Amino acid sequence: LQSTEMNKNKDSKKGGFKLCGKSEDKNERVNEAASQIFVAIEDDSGGHVKLRSLIACLRLSGLDDKEGLHFVGLVFGLLDLDMSGALDIKEFVAFCAVSIALQDIHHRIARFADFVDDNDNSFVDLDEIDLALEYLGEDHLSPSDREALASLMGGNEDEEFSVLELTNLITVDRITSLVKDYHMTNT
């Protein structure tokens, strides 16, 4: 496990892994590292890793951030194709690939949300989002997009939304999209 962790850290310095990646070498390294980790934490249940075992391993390694573990559970559940409560080797490798991509996704979304928050109060409103889109040369949010976003954020179109909540909402949407793409290419 130690060498796997060192390889993972070394690889992450070279750039983010893309699930639909451009580099076959990166895909191979992720697949190899994920397979080694899988063998190390595999349950006695015959070729599967359960969520509780994965979280216990992460906590034992010092990775016990509540938000991070929430995303672990979310991605785990999305990739558990047979709804067994455990991941087989193929699902676990996909879990690792999505987890690596998640770091980049969350970072980029957080940077955009900070850009949108023009008054630095950690809240954004739909008008600030429209101003940022306009600055980037994009169309403003459509009325239906404004309504849908406000609904997802649990408010109305005139309210401000927490940058953290907005970042997490978009991150979850991107995770779901990545998992759907994975399912489409691997089923």
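Biologist: Which residues have the most contacts inside the largest nonpolar core?
Modeller: In this predicted model, local features need pLDDT of at least 70, side-chain atom pairs count only at pLDDT 80 or more, and totals for chains, interfaces and linings use all residues. Residues are numbered from 1 along each chain as its sequence is written, and side-chain values use heavy atoms, with hydrogens and water left out. A nonpolar core is a set of buried Ala, Val, Leu, Ile, Met, Phe, Trp, Tyr and Cys residues joined through side-chain atoms within 4.5 Å, where buried means under 20% relative accessible area (1.4 Å probe, protein chains only). The largest such core has 26 residues, and those with the most contacts inside it are Ile41, Leu54, Leu79, Phe92, Phe95 and Ile175.

Biologist: Which element gives the most to this core?
Modeller: Helices here are DSSP runs of H or I, at least four residues, numbered from the N terminus. Two or more core residues come from each of H2 (24-41), H3 (51-60), H4 (66-79), H5 (89-116) and H8 (163-185). With seven residues, the element that gives the most is H5.

Biologist: Are H4 and H5 parallel or oblique to each other?
Modeller: Axes are lines fitted to C-alpha atoms over the stretch in contact (heavy atoms within 4.5 Å), with angles from 0 to 180 degrees between N-to-C directions. The axes of H4 and H5 come within 10 Å and cross at roughly 135°. Angles under 35 degrees count as roughly parallel, over 145 as roughly antiparallel, 65 to 115 as roughly perpendicular and the rest as oblique. H4 and H5 are therefore oblique.

Key:
Buried means under 20% relative accessible area, exposed over 50%, partly exposed in between (1.4 Å probe, protein chains only).
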